[in-house]
Amino acid sequence: MDGRCLVLDFDGTVLDTEEPVYRSWWELWDEHGHQLDREEWQLVIGTDAGFDPLAELQRRLGRDLDATTVERRRRRRDVLQADHDVREGIVAWLDEADASGVPVGIASSSPEAWVDGHLRRLGLRSRFTVVVCAGDGVPPKPDPTSYRVACERMGADPRRSVAVEDSPHGVRAAVGAGLFALAVPHPLTVDLDFSAADLVVDSLAGLSLDDVLRRSGDRLAEWDPGPTLERGQV
């Protein structure tokens with residue numbers, strides 16, 4: 001163990017849950033004569049604070065939606081989700097981390113039941129040493145706590161570790177915790193501002209985890225050049 005770890009966001013990073021969730025809400029809003037703006041939805045990708053699509057639609061309608069309608073939206077989300085597999089390059093990175101002895105964790109703003117359920121359905125839960133989700137004293141991103149806790153539980157140095165994110169909120173959390181922030185946007189986030197990330201790529205495919213971890217180590221060396229020599233020690 002050399003103090004390094006890999007921490008992945010879940011929604012939109014390991015699995016594209018963002019498009020099915022947005023699409024299911026967009027369809028429900030459209031069914032009731034309202035437009036769910038993509039730009040408004042983008043504001044909450046990567047966090048759980050701010051915009052509640054059900055509460056806002058009910059406010060605009062001036063009435064509550066019945067439980068059957070709300071449940072139908074959830075079922076539609078699950079149907080759309082079935083068309084999405086693990087994002088490109090994720091399994092290869094998990095394999096590389098396993099071969100290199102690099103522990104891997106999850107840091108997510110979603111509830112643990114949501115993340116854990118998907119990981120088990122995909123057969124990936126055992127690939128992660130820790131799963132840290134919002135709740136029980138862990139605030140949602142962009143607060144950096146989830147990343148700090150994940151690194152702490154894996155005994156890793158955040159400054160030597162890498163985070164993979166799909167949203168600016170997530171990048172801010174990773175950077176705030178001191179990790180090297182790699183952004184891999186998807187169609188719902190590709191036009192957002194990722195200038196805070198250390199590296200932005202279209203896909204993890206063809207990119208080596210070891211190379212990115214090395215970049216993180218190089219960055220640390222730039223931050224910490226070593227002890228200052230006293231006069232007479234040269």
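Colleague: Which residues is Trp93 in contact with, leaving aside its neighbours within four places in sequence?

Modeller: In this predicted model, Trp93 is in contact with Leu6, Val164, Leu182, Leu204, Leu207, Ser208, Leu209 and Val212. Contact is counted when heavy atoms lie within 4.5 Å.

Colleague: What makes the set of residues that includes Trp93 a nonpolar core?

Modeller: A nonpolar core requires buried residues of the listed nonpolar kinds, joined through side-chain atoms within 4.5 Å. The largest such core has 31 residues, and those with the most contacts inside it are Leu8, Trp93, Ile106, Phe128, Val164 and Leu182. Elements that each supply at least two of its residues include strand 1 (6-8), helix 5 (90-100), strand 2 (104-108) and helix 9 (209-223). The largest share, 4 residues, comes from helix 5. Apart from this core lies another, of 22 residues, among them Cys5, Val132, Met154 and Ala197. In soluble globular proteins, nonpolar side chains tend to be buried together.

Colleague: Why is Cys133 called buried?

Modeller: The term buried applies under 20% relative accessible area. Cys133 has a relative accessibility of 9%, and therefore it counts as buried. Cys151, with a relative accessible area of 1%, is buried because its value is also under 20%.

Colleague: How do you know that the count of disulfides comes to 0?

Modeller: A disulfide needs a pair of cysteine sulfur atoms within 2.5 Å. For Cys133, the nearest cysteine sulfur is that of Cys151, 15 Å away. For Cys151, the nearest is that of Cys5, 3.8 Å away. Neither distance is within 2.5 Å, so Cys133 and Cys151 are in no disulfide. By this rule the count for the model comes to 0.

Colleague: Which residues lie nearest the centre of the largest pocket?

Modeller: They are Val21, Trp41, Thr47, Asp48 and Ser110, out of 25 lining residues. Helix 1 (18-31), helix 3 (53-61) and helix 4 (67-81) are the elements that give two or more residues to the lining. The lining divides into 10 nonpolar, 6 polar and 9 charged residues, and the pocket holds about 690 Å³ of space.

Conventions
Residues are numbered from 1 along each chain as its sequence is written. This is a predicted model: local features need pLDDT of at least 70, side-chain atom pairs count only at pLDDT 80 or more; totals for chains, interfaces and linings use all residues. Side-chain values use heavy atoms; hydrogens and water are left out. Buried means under 20% relative accessible area, exposed over 50%, partly exposed in between (1.4 Å probe, protein chains only). On a 1 Å grid over the protein atoms alone, a cavity is a set of points where a 1.4 Å probe fits but cannot get out, and a pocket is an open set with protein on both sides within 12 Å along at least five of seven lines; lining residues have an atom within 4 Å of a point. Grid points are joined across faces, edges and corners, and a volume is the space filled by probe spheres set on the points. Ala, Val, Leu, Ile, Met, Phe, Trp, Tyr, Cys and Pro count as nonpolar, Asp, Glu, Lys and Arg as charged, and the others, Gly among them, as polar.
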